[in-house]
Amino acid sequence: MATYRHYSFDLWMTLIRSNPQYKYERARVIHERYNPSGKSLDEIETVFRQVDLLANTINERTGGQLQAEELHLWVIGQAASPEALADVDPVALYEEMETVFLTHPPLIYGPETLRVLRTLQDQGHTTSLLSNTAFIKGRTLRKAFPALGLAFDFELFSDEEGVSKPNSVFFERMLARVPVSRHDVLHVGDNPVADGQGAARVGLPHLLINVNRQGIEHLLRLT
């Protein structure tokens, strides 16, 4: 079995998952403050899910990046009406949503996640993060990492880079920063398109976890 020296990780649904309370609270903000049509809280939660899925698909298909402020405005436009956007300060709204997110931070994906990451790092392997973002920016995620016990040699976020997986440019920027040859790098993620196809486009070995019967602990068999 091959031994890798650097491990590149996806974030969402690979290392962490959303806090249900955060999803509820972000919908409540829109429901209480930007809801002139009187939609129910359940309806607004559904709008969030739909916009999230569509934005992820668009980013994957184009390789570009929709910004968090745009997505929150999109939700309000769908939940209320385009006219409702005239009274919204997108920067202030994002700051409010950031507070909601940090108050209800994401959850570590599974019981083995941190143990495996720390084992790899203790063995001398370097690690990095290559993450698409949507409603939450990279700068906000970094604020949450210490309390979650997450640490990497470096992180790349799509909102900061202006490109999203599976765009080859995003992967090449990661490879330009790793301290080893690309042949010694393994990318780990859960998305067959963003992570699997993206890594394959640049000739990078990859491992899909959590969407199959394979968990993150499988990495320890590769070292």
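The model is predicted: local features need pLDDT of at least 70, side-chain atom pairs count only at pLDDT 80 or more, and totals for chains, interfaces and linings use all residues. Residues are numbered from 1 along each chain as its sequence is written, and side-chain values use heavy atoms, with hydrogens and water left out.

**Exercise 1. Classify the packing of α2 against α3 by angle, hand and residue class.**

Step 1. Take the geometry. The axes of α2 and α3 (residues 68-79) come within 9 Å and cross at roughly 135°. Axes are lines fitted to C-alpha atoms, for helices over the stretch in contact; angles run from 0 to 180 degrees between N-to-C directions. Helices are DSSP runs (H or I, at least four residues) and strands are too (E, at least two), numbered from the N terminus.

Step 2. Name the angle. Under 35 degrees is roughly parallel, over 145 roughly antiparallel, 65 to 115 roughly perpendicular, and the rest oblique. So α2 is oblique to α3.

Step 3. List the contact (heavy atoms within 4.5 Å). From α2 come I44, V47, F48, V51, L54, A55 and I58; from α3 come L71, H72, W74, V75, Q78 and A79.

Step 4. Sort by class. The contact of α2 with α3 has 11 nonpolar, 2 polar and no charged residues. Ala, Val, Leu, Ile, Met, Phe, Trp, Tyr, Cys and Pro count as nonpolar; Asp, Glu, Lys and Arg as charged; the others, Gly among them, as polar.

**Exercise 2. Work out how α4 and α6 are arranged.**

Step 1. The axes of α4 (residues 90-103) and α6 (residues 138-148) come within 10 Å, crossing at roughly 25°.

Step 2. Helices α4 and α6 are therefore roughly parallel. Their crossing is right-handed.

Step 3. Y94, E98, F101 and L102 of α4 contact R139, T140, L141, K143 and A144 of α6. The classes are 5 nonpolar, 1 polar and 3 charged.

**Exercise 3. Describe the largest pocket and its lining.**

Step 1. Its volume is about 720 Å³.

Step 2. Of its 24 lining residues, W12, M13, D52, N56 and A134 are closest to the centre.

Step 3. α1 (20-33), α2 (41-62) and α9 (192-201) each give two or more residues. α2 gives the most, with 6.

Step 4. The lining has 8 nonpolar, 7 polar and 9 charged residues.

*Terms.* On a 1 Å grid over the protein atoms alone, a pocket is an open set of points where a 1.4 Å probe fits, with protein on both sides within 12 Å along at least five of seven lines; lining residues have an atom within 4 Å of a point. Points are joined across faces, edges and corners, and volume is the space filled by probe spheres set on them.

Definitions and conventions: A crossing is left-handed if the near helix is turned anticlockwise from the far one by less than a right angle, and right-handed if clockwise.
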